Amino acid sequence: MEYQNIIFSTKDNIAWIRFNRPDKLNAMNAQLLGELEKAIIECEGNDEVTVIILTGNEKAFMAGADIGPLAKGDVSTGYGVADSTMKVQERLADLPKPTIAAISGFALGGGLEIALCCDFRLAAENAVFGLPEITLGIIPGGGGTQRLPRLVGLGPATEMLMLGITIKANRALSIGLVKEIVALDQLEAKAEELAKQLAKVPACAMRACKTAMRAGLNTGLKEGLNIEKIAFSMLFGTLDQKEGMAAFMEKRNPKFLGK
Ligand code: COA
């Protein structure tokens, strides 16, 4: 399958997934979802890729699911869309490599849900966030009712979900939805800078950290602490732990191997 609805490229150990349906504000249809899954699988399997950046264009990260095909859908259409979307989003959220959503313009509905599956969200000054599904007589079907309250808390999430309001970058920053606001023409450079910073982190520790944090969210504190204990102890079997601690003791910079 060739990419048509996304542009996929890799450079300097960073993979770029760029949504590319500009005439529809990158609205997610089945083809785009399939291509996103393919790109995620390529990132999973390519050892050269250490960090993944998802982005759109100046006007839209993604304005949600493509309403066209959904407008005449029935119950099984709804189930199928939610099911296939969630599978791909889970794959993205579970990627053992760091992910960054670099957001300019609209990040609505499924677009915001994809951003919520990433580890970091950077917002350009013109970014607009929302889960407006309720205004269409539905609710989010790609994890929005679950991931948004977990990230920003029930208060702001309730407002966004139950009223379907959109919020601008400043508010998104104040509720912890995004890490940082950057100038529009600096968005890609800032995302790349963050990616390069993340690429320096030893890969085994990065994997363990992401897995423990995310697994812990799906379980109780006691189980979460046990996950951390096991992951912590396993890292003492890596070369990077030896190197990281030796470098500290010898007052030099570490040279990590990702092993
Ligand atoms: N599904 C399908 N098409 C969409 C879309 C979506 N989610 N979002 C935008 N588009 C299309 C528009 O229909 C329009 O296509 P057209 O030129 O063929 O008519 C094109 O993208 C440009 O959008 P437009 O509405 O003209 O831009 P705007 O700047 O006036 O408004 C939005 C931007 C984002 C406010 C508006 O497009 C919108 O509300 N989109 C739907 C958002 C949504 O509800 N998402 C959740 C879906 S479940």
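A salt bridge here is a side-chain nitrogen of Lys or Arg within 4 Å of a carboxyl oxygen of Asp or Glu. In this predicted model, that rule finds two salt bridges across the interface of domain 1 and domain 2.

At the interface, eleven residues of domain 1 are in contact with four residues of domain 2. About 630 Å² is buried between the domains, and carbon and sulfur atoms give 50% of this area. Of the area that domain 1 buries against domain 2, Pro96, Asp119 and Arg150 supply 52%, more than any other three residues.

Four residue pairs are in polar contact between domain 1 and domain 2. The side of domain 1 that touches domain 2 consists, by class, of eight nonpolar, one polar and two charged residues.

The ligand is surrounded by 14 residues, of which Lys24, Lys59, Ala63, Ala65 and Ile67 are the closest. By class, this shell has nine nonpolar, no polar and five charged residues. A polar backbone atom of alanine 65 is 2.9 Å from a ligand nitrogen atom, and a backbone N or O atom of alanine 63 lies 3.0 Å from a nitrogen atom of the ligand. For aspartate 23, a polar backbone atom is 3.4 Å from a ligand oxygen atom. The ligand taken alone exposes 860 Å², and the protein buries 58% of that area.

Key
Residues numbered from 1 in each chain as written. Predicted model: local features only at pLDDT ≥ 70, side-chain atom pairs only at ≥ 80, totals over all residues. Heavy atoms only, no water. Contact = heavy atoms within 4.5 Å. Buried area = accessible area lost by both parts, 1.4 Å probe. Polar contact = N/O pair within 3.5 Å; in protein donor to acceptor, adjacent residues only side chain to side chain. Nonpolar A, V, L, I, M, F, W, Y, C, P; charged D, E, K, R; others polar. Near = heavy atom within 4 Å. Areas by Shrake-Rupley, 256 points an atom, 1.4 Å probe, with all protein chains shown as cover.
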